[in-house]
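Work through these exercises with the model open beside you. Try each task before you read its solution.

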Amino acid sequence: RVNKQTGLIEQGVFIQSPNFDERPNQELPGLVVVHGISLPPNQFGGEGITQLFTNQLDPNAHPYYQTIQHLKVSAHALIRRDGQIIQYVPFHKRAWHAGVSEYEGRERCNDFSIGIELEGTDQTPYTASQYKALSQLIKALWQSYPTIKRENLVGHCDIAPGRKTDPGEYFMWSSLNRLLES
């Protein structure tokens, strides 16, 4: 469940990212964007994602970090490989996850979307625990934000084609949809 006052999930870990701001005109979210991320690339279980979203990434910890240390990004939530949810930004606030993006002719998707990262890569199947946690989170978001319509569920690749490929070809939309229907 999502606490409507705080914008936080009731079960989960909250680690506040400094990388967020107010949504324009106090707009409620109407879109859910599914992402995939691993830091260092193709490695799971470390603290790199949280460090990135909290501006604490050590550029000396991995060569790749030197290329992204300057980024100021966040997502509303991350779902780890074991299904654990870590929230970084309250859902009613604007996280900085989409970048240059467009959905149904509307630009700046961060203004009206919720970004959920799955720990994974484009070349790695996601876990059953992640699909279960993602479906439960989406259902909770639907309850708390009726402005999010069922069909407004997309991948990062759908709102930033040619620039982004996540959550990748191994993301099973059919599996997620089955869980959302149950």
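**Exercise 1. Describe how helix 3 and helix 5 pack.**

Step 1. The axes of helix 3 and helix 5 come within 9 Å and cross at roughly 50°. Axes are lines fitted to C-alpha atoms, for helices over the stretch in contact, with angles from 0 to 180 degrees between N-to-C directions. Helices (H or I, at least four residues) and strands (E, at least two) are DSSP runs, numbered from the N terminus.

Step 2. Helix 3 is therefore oblique to helix 5. Angles under 35 degrees count as roughly parallel, over 145 as roughly antiparallel, 65 to 115 as roughly perpendicular and the rest as oblique.

Step 3. On the helix 3 side, the contact is made by Y131, K132, L134, S135, I138, K139 and W142. Helix 5 supplies S175, L176, L179 and L180. Contact means heavy atoms within 4.5 Å.

This is a predicted model: local features need pLDDT of at least 70, side-chain atom pairs count only at pLDDT 80 or more, and totals for chains, interfaces and linings use all residues. Residues are numbered from 1 along each chain as its sequence is written, and side-chain values use heavy atoms, without hydrogens and water.

**Exercise 2. Find the aromatic pairs and classify the one between F53 and Y88.**

Step 1. Searching the whole structure gives four aromatic pairs. Rings of Phe, Tyr and Trp (its six-membered ring) pair if their centres lie within 6.5 Å; planes under 30 degrees apart count as stacked, over 60 as edge-to-face and the rest as tilted.

Step 2. F53 and Y88 are 5.1 Å apart centre to centre, with 80° between the planes, which is edge-to-face.

Step 3. F53 lies in helix 1 (residues 48-53) and Y88 in the loop between strand 7 (85-87) and strand 8 (94-95), so the pair ties together parts 35 residues apart in sequence.

Step 4. F53 is buried, at 1% relative accessible area. Y88 is buried too, at 0%. Buried means under 20% relative accessible area, exposed over 50%, partly exposed in between (1.4 Å probe, protein chains only).

**Exercise 3. Classify the pair of Y131 and F171, then place it in its cluster.**

Step 1. Y131 and F171 form a tilted pair: 5.4 Å centre to centre, 35° between the planes.

Step 2. Y131 is in helix 3 (residues 128-144), and F171 is in the loop between helix 4 (156-159) and helix 5 (173-181), so the pair ties together parts 40 residues apart in sequence.

Step 3. Ring pairs join Y126, Y131, F171 and W173 into a cluster.
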